[in-house]
Amino acid sequence: MLRTDEILSTIQMLHAEHLDVRTVTLGLNVNDCAASSVDSVCRKLREKIIRRAGNLVRTCDRIGSKYGIPVTNKRLAISPAAHLLAGHGLGAALQIAHTLDDAVKECQIDLVGGFSALVQKGISASDAVVLESLPQVLSSTQRVCASINVASHRAGINMDAVRQMGDILLKIAAATAAQRGFGCAKLVIFSNIPEDNPFMAGAYHGEGEAEAAINIGVSGPGVVDSALRRRIQLGGPLTLGDLAEEIKITSFRVTRVGELIGREVAAELGIPFGIVDLSLAPTPQVGDSVGEILRTLGIEKVGAPGSTAAVAMLTDAVKKGGAFASSSVGGMSGAFIPVSEDAALADAAAKGHLTLEKLEAMTSVCSVGLDMIAIPGDTPAETIAAIIADEMAIGVMNNKTTGVRLIPVPGAKVGDFIEFGGLFGSATVMDIRNAGASAAFVRFGGRIPAPIQSLRN
Amino acid sequence: MADDRPGIVAAVSGVIVALGGNIDACSQTVLGGYFTQILVVSFPQTVAAQDLVARIQKGAPPGGALQVAACPYVAPAAPVGHVPTERFVITALGKDKPGVIHRFSQYLAGKDINVVDLYWDCAGEDFVLTAQVEIPKRWEIGMLKADLDEIGHEESFNVRIQHENIFVATNQLRLPGGHR
């Protein structure tokens, strides 16, 4: 028999603190849709998506209702579109992207990820088609998301690809200038891209995965923050170790929600259960913010000294609690710090407390990277590439995933306020110090070699 | 039943031991400072219910009399035509007023839903009802939820119905159904 206090504490977590399942993402291998005719590719692709994902939304809603937990987003992640584009050109890329867009819309799926290419060691002909098509694809579709892996700890950093991505980001921004460069929000540039990440825009279905898998992203910044506040209000001697313990316990409970829902959705759809991604994923909603957790931990101004240590403690405690709750932890699993999508981080950036350099330092201990950051539209392509290269270096050297989602806002200057809307939030355009001062470094191109795996210090 | 105080359990169990009896099952609770205990007890010889009650009352610890009732135990018969059920938890939160529990329980009874545990207490300014219930599988949960929402709306209570596994998953070490 359940105890009343157990019931009430779960009710508090689910309803007062707005815990939801942030995403149920169906990973789907679509390599068997390849064909010599692009019309054939698109027909097979559409049929496969409708067949495998047609019931995803209905199933998630029904199971969410059974447990009283909303599944906020239902998404699809396909194997890299580059595989489908072998032997095809730009026109085929656009046609495939539109097929994806239409098929997921028909299934009422929010977003589809996997318009992707893995170019960490080199760019194949089909990868080049993906890269070339990104400005048109991301400006002419609603639900298609893209990711490009330009670095890994085994291959090093493909600086030719990094340099191209600087140009491509500016082109995407220009193509979506009317939406303040919003197309860039649908593209993540990765090092060590995870194959089972359920979160967008970076989700894709990796080569090592099964034919299909259900991957879950939980939420929970609000729940963690409330738990910490309650613990602090209780008073008494309290150390950071005690607060880490509180985060760990809360993470256990949050992860269990994801695991329960994920397994049931997977069983109902007859698809293997993949992973739960433990990442604390904030939203612009007040009370659902990683920045607020840092404030509760005593960092009065997010970005102040101590912020990196606080993020490190948070990320580690989340992993420890989640790893005990589930034997299927995967994806990125840490803490996201997407500036525009997190009200407290956006506020700190607007007030100048949080700089790009401090964000970069924090990404060395969190789970993603420079995420949803608005920068001036006139930032040189080489400078954008150099920012990407820095972030990739953190991932490669530390054998972890890092990503970059920068939005060069056309016509915007430092300090301008940009509203993206919905879950994407709003952001103040951040300053890039010494813009243009690393162009020669980027122009060398080539590949930064993979790091030595011993002598780690 | 009695005002809660130290020594009640010892006094009751002492009488049972003195008669050579064994406590087969026991459940107790304290609500509003009032102690209540229910026991299933077996004895090697016949014991008159009146005698047992008198002995327990005589041995009551200082602080007031015990209200005791005893009757022969007959194991409940298995329900006829037992229907498969699933366990859910219903919670309702709102301002206290007479008749709310009756209103909800009347609805549940009408749907053949068995209440296996019920709790009703103050939670800050509001009152909270939690009921663990067995719902026949023939019912569609969305329909029950709509009905309960309607009752909750009329009574100004916020009502939720959720499968018990969500509470097990978030509070207990083992995941319902295990790791497959």
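The legends below walk through several close-up views of a predicted model.

**View 1. Strand 2 of chain A sits between two parallel partners, strand 1 and strand 3.** Start with strand 2 (residues 71-78) of chain A, where 7 of the 8 residues are buried. As a reminder, strands of a sheet pair through backbone hydrogen bonds, either parallel or antiparallel.

**View 2. A closer look at Thr23(A), in strand 1 of chain A.** Is Thr23(A) buried or exposed? Thr23(A) counts as buried because it has 26 C-beta neighbours inside 10 Å, and the cut-off for that class is 20 or more. Leaving aside neighbours within four places in sequence, its contacts include Thr72(A), Asn73(A) and Arg75(A). Pro198(A), Phe199(A) and Gly217(A) are also in contact with Thr23(A). Met200(A) is 177 residues away from Thr23(A) in sequence, yet their C-alpha atoms are 9.2 Å apart in space.

**View 3. Helix 9 of chain A and the glycine that follows.** Helix 9 covers residues 240-269 of chain A, which makes 30 residues. At 1.5 Å a residue, the helix should span 44 Å, and its end C-alpha atoms are 43 Å apart, so the two values agree. Just after the helix comes Gly270(A), with a positive phi of about 70°.

**View 4. The three-stranded sheet of chain B, with helix 1 packed on it.** This open sheet has the strand order 1-3-2, with antiparallel pairing. Strand 1 (2-3) and strand 2 (22-31) of chain B are the edge strands, each pairing on one side only. Strand 1 of chain B is joined to strand 3 (residues 34-42) by 2 bridges, and these strands run antiparallel. Look for Ala2(B) here: its bridge partner in strand 3 is Phe35(B). Helix 1 (residues 8-18) of chain B packs on the sheet and touches strand 1, strand 2 and strand 3. The direction of helix 1 makes about 20° with that of strand 3 of chain B.

**View 5. The four-stranded sheet of chain B.** Here the strands of an open sheet follow the order 5-6-4-7, and the pairing is antiparallel. Strand 5 and strand 7 of chain B stand at the edges with a single partner strand each, so one side of each has no neighbour in the sheet. From one strand to the next, the twist averages 15°. Strand 4 and strand 7 of chain B pair over 7 bridges, and within this pair Leu93(B) has Asn158(B) as its bridge partner.

**View 6. Where chain B meets chain A.** The contact takes 22 residues from chain B and 20 residues from chain A. Which element gives the largest share of the chain B side? Helix 5 of chain B does, with 6 residues. Other elements of chain B that each supply at least two residues include strand 4 (85-94), strand 6 (126-136) and helix 4 (141-155). By residue type, the chain B side divides into 9 nonpolar, 10 polar and 3 charged.

How values were computed
Residues numbered from 1 in each chain as written. Chains lettered and ligands numbered in written order. Predicted model: local features only at pLDDT ≥ 70, side-chain atom pairs only at ≥ 80, totals over all residues. Expected span 1.5 Å × (residues − 1). Contact = placed C-beta atoms within 7 Å. Nonpolar A, V, L, I, M, F, W, Y, C, P; charged D, E, K, R; others polar. Pairing = 2+ DSSP bridges. Axes fitted to C-alpha atoms, helices over the stretch in contact; angles between N-to-C directions. Buried ≥ 20, exposed ≤ 12 C-beta atoms within 10 Å, placed from the backbone.
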